[in-house]
Amino acid sequence: MSLARFIAGIQSDEEIVYALRRFWFALIPDFIGAFFIFAIPVGTYIYLSNAQPAFFQDPARFAMFLMGASLFFLYGWLFLFQNFADWYLDVWIVTNRRIVNIEQHGLFGRTTSELMLYNVQDVTSDIRGFFATMFSYGNISIQTAAEKEHFLFENVAHPNEIAKRILELTHDARLVEESHMGHAVTPEEMTGKEE
Amino acid sequence: MFPLGYLLVAWLILLLIHGLVSLLTLIQILRYGSSSSGTYFVCFIFVGVIALVVLGTGKFLLDIDWNTPVSIIPQSLTSIFGRTATDIPLQP
């Protein structure tokens with residue numbers, strides 16, 4: 001995937017294992033909302049055509065309706081596309097060395113944070129609710145030794161399998177780090193604190 | 001009462017604002033999205049629908065006489081507010 005360009009200082013032996021987004025199901029409320037927005041001008045046209053057939057016979061009145069309806073549709077379409085962009089640009093990238101969290105906030109806000117896999121202490125997957133169980137999506141919480149560092153993958157597909165794989169990658173990454181350091185990674189080294 | 005052309009100017013201004021915001025959204029998605037055919041396809045659909053709506057509306061608006069005087073307040077309302085004291089019958 002071309003998402004490698006978003007990982008700062010990617011190593012030659014580093015490979016992307018997962019590029020995750022929220023499950024597509026998260027977009028359904030936006031699409032339902034957009035459907036109702038798009039239905040308003042169409043519904044108004046149908047209603048007025050039937051209730052007051054003379055209404056659209058005046059070309060000026062028809063032009064006014066058309067301009068209003070087209071703007072309504074275009075801004076609704078833009079709203080839908082911006083919600084899609086917000087979903088599309090939120091990405092969690094898991095490589096064999098680290099996890100990169102990229103979040104888009106509106107049109108002009110973007111946050112990128114990352115944590116090294118050898119720092120990960122706990123990975124928890126959580127599937128709650130009827131639809132989440134049926135479609136197999138849920139949250140993955142990744143906790144590091146540092147108390148404040150905490151990543152949350154929200155509503156990703158197959159969280160159990162991914163959590164299991166991240167734990168395996170964490171184990172491998174820790175072995176590689178230990179071989180570089182010549183001794184086991186201590187909790188102080190994980191948190192970066194010197195005791 | 002004012003010429004219908006005034007509404008056309010307002011429509012064009014709102015269309016311009018829409019175009020600018022759409023352009024910014026497209027730039028963001030192309031800059032930060034993965035360089036895949038899916039990204040380009042979604043952008044193509046987005047621009048295509050906008051073009052269809054604008055061109056379709058424009059086609060209908062070509063034949064309109066923009067000097068036609070219009071009022072955005074319904075006639076029934078103006079007749080209510082337009083009544084003077086002499087129009088109201090005195091109670092016997």
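Where is B:L23 found? Look along chain B: B:L23 is found in helix 1 of that chain. Please keep in mind as you read that this is a predicted model.

Is B:H18 buried or exposed? It counts as buried, because its relative accessibility is 2%. Leaving aside neighbours within four places in sequence, B:H18 touches A:L74, A:Y75 and A:L78 of chain A, along with B:I50 of chain B.

**A helix pair in chain A**

Now turn to chain A, where helix 1 (residues 28-51) and helix 2 (residues 59-88) have axes that come within 10 Å and cross at roughly 175°. The two helices are therefore roughly antiparallel to each other. Residues of helix 1 of chain A that take part in the contact include A:F31, A:I37, A:F38 and A:Y45. On the side of helix 2 of chain A, the contact residues include A:F65, A:F72, A:W77 and A:L80. Sorted by class, this contact has 15 nonpolar, three polar and one charged residues.

**Two open sheets in chain A**

Chain A also has an open sheet of four strands, in the order 1-2-3-4 and with antiparallel pairing. Strand 1 and strand 4 (109-116) of chain A are at the edges with a single partner strand each, so one side of each has no neighbour in the sheet. From one strand to the next, the twist averages 10°. Strand 1 and strand 2 of chain A pair over four bridges in the antiparallel sense, and A:Y18 stands opposite A:V94 in strand 2 of chain A.

Another open sheet of chain A is formed by three strands in the order 5-6-7, and its pairing is antiparallel. Its edge strands are strand 5 (120-126) and strand 7 (150-157) of chain A, each pairing on one side only. Neighbouring strands here are turned by 15° against each other on average, direction ignored. Between strand 5 and strand 6 (residues 137-144) of chain A there are six bridges, in the antiparallel sense. One place to look is A:V120, which stands opposite A:T144 in strand 6 of chain A.

**Helix 4 of chain A and the sheets**

Which strands does helix 4 of chain A touch as it packs on these sheets? The table sets out the contacts.

| Sheet of chain A | Strands touched by helix 4 of chain A | Direction of helix 4 of chain A |
|---|---|---|
| Order 5-6-7 | strand 5, strand 6 and strand 7 | about 170° with strand 5 |
| Order 1-2-3-4 | strand 1, strand 2 and strand 3 | about 145° with strand 1 |

Helix 4 of chain A has 23 residues and reaches 32 Å from its first C-alpha to its last, close to the 33 Å expected at 1.5 Å a residue. Its buried residues include A:P159, A:I162, A:I166, A:L169 and A:E177. What covers the buried residues of this helix includes strand 2 (91-95) and strand 3 (98-105) of chain A, as well as strand 6 of chain A. After helix 4 of chain A comes A:G182, with a positive phi near 85°.

Key:
Residues numbered from 1 in each chain as written. Chains lettered and ligands numbered in written order. Predicted model: local features only at pLDDT ≥ 70, side-chain atom pairs only at ≥ 80, totals over all residues. Heavy atoms only, no water. Pairing = 2+ DSSP bridges. Axes fitted to C-alpha atoms, helices over the stretch in contact; angles between N-to-C directions. Contact = heavy atoms within 4.5 Å. Parallel < 35°, antiparallel > 145°, perpendicular 65-115°, else oblique. Nonpolar A, V, L, I, M, F, W, Y, C, P; charged D, E, K, R; others polar. Expected span 1.5 Å × (residues − 1). Buried < 20%, exposed > 50% of the residue type's maximum accessible area, 1.4 Å probe, protein only.
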